[in-house]
Amino acid sequence: MGQNIEIDQLNHVLLYDGVCKFCNSSVNFVLEHEKNDQLKFAQLQSPLGVRILEAYGYPKDYAESILYLSAGQLQSKSKAALRISGYLRRPWSWLQVFGVLPGGLTDCMYGIIARNRYKWFGKADACILPPPNHRERFLE
């Protein structure tokens, strides 16, 4: 499926580290709390994820942060997380208020979690499969 998708046509895509247990839990949290089921998901390690990374000048093994792709713009770190929070029901959507803080500050806070996520939450041996009731929202 990922090979046939035109990257410039993608909107509302959350890219995440498929072997990171924290990242997978975060995706499940988003699925549970999302308002309108608009987001699509792709693992950074998937063929589509690698194509997106390369198209935007990231190394193909990039897994330092979640990414959010929409309208031809790829956002990373706290900016991506805050954009994604806008898709969630209240009170989680209120996290967007942190967008008024300087990006350096929010990226620093994001970086602390990102650097320690494997140590604190663990790493899977392989990419974890998406929940069966949401498989159609996961791009390959």
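Pro91 is located in the loop that runs between helix H3 (77–85) and helix H4 (103–121). Here helices (H or I, at least four residues) and strands (E, at least two) are DSSP runs, numbered from the N terminus. The model is predicted, so local features need pLDDT of at least 70 and side-chain atom pairs count only at pLDDT 80 or more, whereas totals for chains, interfaces and linings use all residues. Residues are numbered from 1 along each chain as its sequence is written, and side-chain values use heavy atoms, with hydrogens and water left out.

**Overall architecture**

- The protein contains four helices and five strands.
- Read from the N terminus, the order of these elements is β-α-β-α-β-β-α-α-β.
- Of the contacts between residues at least 6 apart in sequence, 68% join residues at least 24 apart; a contact means heavy atoms within 4.5 Å.

**Burial and surface**

- Of the 140 residues in the protein, 44% are buried.
- Buried means under 20% relative accessible area, exposed means over 50%, and partly exposed lies in between (1.4 Å probe, protein chains only).
- The protein exposes about 8000 Å², and carbon and sulfur atoms supply 55% of this area.
- Accessible areas come from the Shrake-Rupley method with a 1.4 Å probe, and for residues only the protein chains shown count as cover.

**Cysteines**

- A disulfide is a pair of cysteine sulfur atoms within 2.5 Å, and by this rule the count is zero disulfides.
- Cys20 has a relative accessible area of 0% and is therefore buried.
- Cys23 is likewise buried, because its relative accessible area is 9%.

**Backbone features**

- The peptide bond that joins Arg90 and Pro91 is cis, with an omega of about 5°.
- His12 is found in the segment before strand S1 (13–16).
- The phi of His12 is near 60°, which is a positive value in a residue other than glycine.
- His12 has a relative accessible area of 27%, so this residue is classed as partly exposed.
- Lys77 lies in helix H3 and has a positive phi of about 50°, although Lys77 is not a glycine.
- Lys77 is partly exposed, because its relative accessible area is 32%.
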